[in-house]
Amino acid sequence: MLPLSSHLLDGMLGRAFALVAVAMLSGIYLWRYYFRLKMPKLHRMIGSLVLIGLAGVALSLNSTFFQLADADGEALSLAWQDIVPLLLQTSYGRYWLVFSLLLILAIRTIHHGRWMLLNILGMVTCLTMNSHAADAGNMVTWVLHMVHISCVLLWWGGLVMIMLGRFAHPGLVEQPTLQAFSTLILPVFLLGLATGGLRLASAFFENAGLSLVYGALVAVKGGLLLAVMLCAWRLRQLLPQIQFDGKRYDDGLSLEFFFAVLLLLAAAMLTQLPPL
Amino acid sequence: MVRLWWCMCLIGLSLFSSVAECHTRLISSNPARDQVLGHSPGHLTLTFSAPVESEFSRIELVKEKDQAWQVLKVRVDGKTVHGDLPKLLPGTYVVRWRVLARDGHAQRGQFRFELR
């Protein structure tokens, strides 16, 4: 089988953009309906998230389209109008289409907690069904994948919202909220790790060995995950102190966010690489 | 120490979770790669590790040293792609294929078989 290495970057960025959009919507849900915090400039934020998500869809479809064109060689031609059947006549395209509609719908559902939650779950389902997990063709893998990315996105989105609150609106997110977030997000993060582990266990028997590039990226992802966990552990130590040092906390938060962004990019890149 | 150990195990497991995200690959074909046949097969079958999209699945055939690739009529049935073959004359044939996996990744490949 010939390797298809082109358009890795747009495929990776497309998936990362879509994940960021859903993660931040999850963070907004937490913020509004769990912590009951006010959110300045909400509509502007939602609008930008919708644009980021749609850009992700466009990049992903673009990546697939050009992969097909590359695969065609000289004799099998692919025309621009083939983007329509790609969108409408493949399950991959249809899930991106539904994802886009749900994303636009988020502008309305933001004011209704239950509908917003359903909207987010719908988008997570679409992201599952047009990912590698769809290949497995069994319900257990789909559910594991959904739980895994839901947990990861909730953690990521919550972290972004805490960052925004601390740096853009001083005084909005204080020690009790940080403590509550920390308490909520620890089991969520651990569930994300555990479901990731279970997905490995189910698939490891099917794949013997890894390619050098893939293995190296897995190692990088591991390092980043460890760095995130060390930062989070340090932040948890700072929280219960009576004389809460906000400056030190914010520095640690920035560092954790930096590693979290790199982790997201590494994970998105792994979805584009063949492991063998 | 025990807690730290479990944490490290969990991290290690989750690190490799992307292994689960394997690309669809060709498992087998009929005729098989480099197979020598005694008679013209009626059709060609490609079996993949996961279901593929029926749209954009293509199989082409050329007799070695000929120029024109012949596009086969294909039918997708889950993980299997069938291509109808015309009556073949003795010689070496090259098959090239392209499929679109449900995760949006295009895969391609080629192989030969011989008819005596």
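**Close-up views of a predicted model**

**View 1. Strand 3 and strand 7 of chain B.** Strand 3 (residues 43-48) and strand 7 (residues 80-84) of chain B pair over 5 bridges in the antiparallel sense. Within this pairing, H43(B) stands opposite D84(B) of strand 7. The model is predicted.

**View 2. The open sheet of chain B.** The sheet is formed by 4 strands in the order 1-3-7-6, with antiparallel pairing. Strand 1 (26-30) and strand 6 (74-77) of chain B are at the edges; each has a single partner strand, so one side of each has no neighbour in the sheet. From one strand to the next, the twist averages 15 degrees.

**View 3. Chain A as a helical chain.** Chain A contains 10 helices and 0 strands, and its pattern along the sequence reads α-α-α-α-α-α-α-α-α-α. Of its 276 residues, 43% are buried. Taking the contacts in chain A between residues at least 6 apart in sequence, 78% join residues at least 24 apart.

**View 4. The largest nonpolar core.** This core has 88 residues, and those with the most contacts inside it are A21(A), V22(A), L25(A), F99(A) and M123(A). Helix 1 (residues 8-34) of chain A gives the most to the core, with 15 residues. In soluble globular proteins, nonpolar side chains tend to be buried together. Leaving out residues up to four places away in sequence, F99(A) touches A18(A), V57(A), M123(A), C126(A) and L127(A).

**View 5. Helix 5 of chain A.** Helix 5 (residues 113-129) has 17 residues. From its first C-alpha to its last it reaches 24 Å, close to the 24 Å expected at 1.5 Å a residue. Its buried residues are M116(A), N119(A), I120(A), M123(A), V124(A), C126(A), L127(A), T128(A) and M129(A). Among them, M123(A), C126(A) and L127(A) are touched by F99(A).

View 6. S60(A) belongs to helix 2 (residues 42-72) of chain A. S60(A) is buried because 25 other C-beta atoms lie within 10 Å, where 20 or more are required. Apart from neighbours within four places in sequence, S60(A) is in contact with G11(A), G14(A), R15(A), A18(A) and W96(A), and also with G104(B) of chain B. A18(A) is also touched by F99(A). The C-alpha atoms of S60(A) and R166(A) are separated by 33 Å, and the two residues are 106 residues apart along the chain.

Technical notes
Residues are numbered from 1 along each chain as its sequence is written. Chains are lettered from A and ligands numbered from 1 in the order in which they are written. This is a predicted model: local features need pLDDT of at least 70, side-chain atom pairs count only at pLDDT 80 or more; totals for chains, interfaces and linings use all residues. Helices (H or I, at least four residues) and strands (E, at least two) are DSSP runs, numbered from the N terminus. A residue is buried if 20 or more other C-beta atoms lie within 10 Å of its own, exposed if 12 or fewer, and partly exposed in between; C-beta atoms are placed from the backbone. Two residues are in contact if their C-beta atoms, placed from the backbone, lie within 7 Å. A nonpolar core is a set of buried Ala, Val, Leu, Ile, Met, Phe, Trp, Tyr and Cys residues joined through C-beta atoms within 7 Å. The expected span of a helix is 1.5 Å times one less than its number of residues. Two strands pair if DSSP finds at least two bridges between them. Axes are lines fitted to C-alpha atoms, for helices over the stretch in contact, and angles run from 0 to 180 degrees between N-to-C directions.
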